[in-house]
Amino acid sequence: MSGAALTSTTRRTLLRLLWALLAANAVALAGCLTVFLGVHRTTDDAYDRSVPAILAVYDTQVALREAHGAAVASFAACTRLLAGPGEDYQNQIARAGQHLAEAAEDNAAGDDGSRDIQVVEASLVTYTGLIERAHAHFAQADGRALGAAALRDASSLLEEILDRLDLLRGKQVAALDRQVDGTWTGPATILLWLLPVLVLSGLLVATQLFLRRRFRRVLNAPLLLATLAVVAMGGTTAMSLRSTDQLADARAEMNRAAEARAAQLTSLVGRDAERLAALLSAAYAPSPCPATATPVGPPGAAPSAPGDGEAAPGDGVALPAGNAWKHGQEATRLAAGAANSHGGEIVLLAASLLAAALVVFGLLPRLEEYRYRQR
């Protein structure tokens, strides 16, 4: 075989390696960026929408239960009837409206979730109207029976509202489940970026061996640096696996928060059922309370509905709101960590461009050398 043929064959091989490395680098970058951005779009949605929406619906339910309990306690104690169902009731209703607005803003369940929120908002207007009607009757000396009837209707409507909120929360939870178990967070997605990275790394090693055999050089420094850049690409994309794990942990914390909230709501249901039953039993008492009756207890004191985590007077039941809040905060923290890309997309672009430049820098001198050199 002539020297010219050898020269032509070697040069063609170098050119093929160069273009193969550049093409593999482009494919690896595409795979890494696609998976990395796909994972972080998913985790962003979970952090920005699903997790806060679930917590907002829970908080709405608790606030409504607290508001209703405050109204029942106020009517039962015959206090503050001239001023309305009580300050505690007003505060909790305002909180419920605020949390419902947050759920509407963060809604991850699409149009179905929006329709549920609209139904709840309309029902809340009716509910507060029934409470005001009950107050108007209880404020009259002979209106306790009518007040009790309006309060009973409000209680029934509240249960319907809470059932609708359960449906809404279930849809938000389903959205979170789809994000945790979706395409981008599934184990098969690893192949989309790992295989191109391995192929590119293999080509770099094969090129090193070819140069060592042809040019009798132990190591090509630019190609070695390019290999390190490719490793950085793979390591950066592997951060998405950590994000996926954090999102799964966030869902687990949400499940713990759900258990704590369920226990809290159950405690509130039991407390309010006893209060309402006692109030309805006394609705037809021969001596109704006057509209300006003084509060029960020390002078100037007024009964208030227990806040989150407090026990209702005489109930002896501590509401587990503290655990619910703690698990909710931990779920939010984990979701925030999963959504934080730490600038990985910039690292991927920079590492890929660096690898491409180093490949050209490492092979171009050999191409130029073999253009004029006879073997």
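At what angle do helix H2 and H3 pack, and how far apart are their axes? Point 3 takes this up, after the basis of the model and its overall make-up.

1. Basis of the model. This is a predicted model, in which local features need pLDDT of at least 70 and side-chain atom pairs count only at pLDDT 80 or more, while totals for chains, interfaces and linings use all residues. Residues are numbered from 1 along each chain as its sequence is written, and side-chain values use heavy atoms, with hydrogens and water left out. The average pLDDT (the predictor's confidence in each residue, from 0 to 100) is 83 for the protein, and 82% of the residues score at least 70. Residues 1-6 have a pLDDT below 50, and this stretch has 6 contacts in the model beyond near neighbours in sequence; contact here means heavy atoms within 4.5 Å. Over residues 290-319 the pLDDT also stays under 50, and the model has 54 contacts beyond four places in sequence for them. Where pLDDT is low, the predicted coordinates should not be read in detail.

2. Overall make-up. The protein has 8 helices and 0 strands, where helices (H or I, at least four residues) and strands (E, at least two) are DSSP runs numbered from the N terminus. Of the 375 residues in the protein, 46% are buried. Buried means under 20% relative accessible area, exposed means over 50%, and partly exposed lies in between (1.4 Å probe, protein chains only). Among contacts between residues at least 6 apart in sequence, 86% join residues at least 24 apart.

3. Helix H2 (residues 87-106) packs against H3 at an angle of about 170 degrees, and their axes are 11 Å apart. Axes are lines fitted to C-alpha atoms, for helices over the stretch in contact, and angles run from 0 to 180 degrees between N-to-C directions. H2 and H3 are therefore roughly antiparallel to each other; angles under 35 degrees count as roughly parallel, over 145 as roughly antiparallel, 65 to 115 as roughly perpendicular and the rest as oblique. Residues of H2 that take part include Tyr89, Ile93 and Leu100, and those of H3 include Ile117, Leu124 and Tyr127. Helix H3 (residues 110-138) and H4 have axes that come within 8 Å and cross at roughly 165 degrees, and this pair is therefore roughly antiparallel as well.

4. Another joins Arg251 and Asp177 at 3.2 Å, N to O. Arg251 is in helix H6 and Asp177 in helix H4 (residues 144-180), so the pair ties together parts that are 74 residues apart in sequence. Asp177 is partly exposed, with a relative accessible area of 29%.

5. Further salt bridges. Arg333 pairs with Glu330, the closest N and O atoms being 2.5 Å apart. Both residues lie in helix H7 (residues 321-339), 3 residues apart, about one turn of the helix. Arg333 is partly exposed at 48% relative accessibility, and Glu330 is partly exposed at 26%. Asp116, Arg164 and Lys171 are linked in a network of salt bridges.

6. Individual positions. Thr34 is placed in helix H1 and is partly exposed, with a relative accessible area of 36%. Leaving aside neighbours within four places in sequence, Thr34 is in contact with Trp184 and Leu192. Thr34 and Leu192 are 158 residues apart in sequence and 8.6 Å apart in space, C-alpha to C-alpha. Ala357, in helix H8 (residues 344-372), is partly exposed at 44% relative accessibility.

7. A backbone point to check. His342 is in the loop between H7 and H8 and is exposed, with a relative accessible area of 57%. Phi of His342 is near 55 degrees, a positive value in a residue other than glycine. Most residues other than glycine have a negative phi.

Methods: A salt bridge is a side-chain nitrogen of Lys or Arg within 4 Å of a carboxyl oxygen of Asp or Glu.
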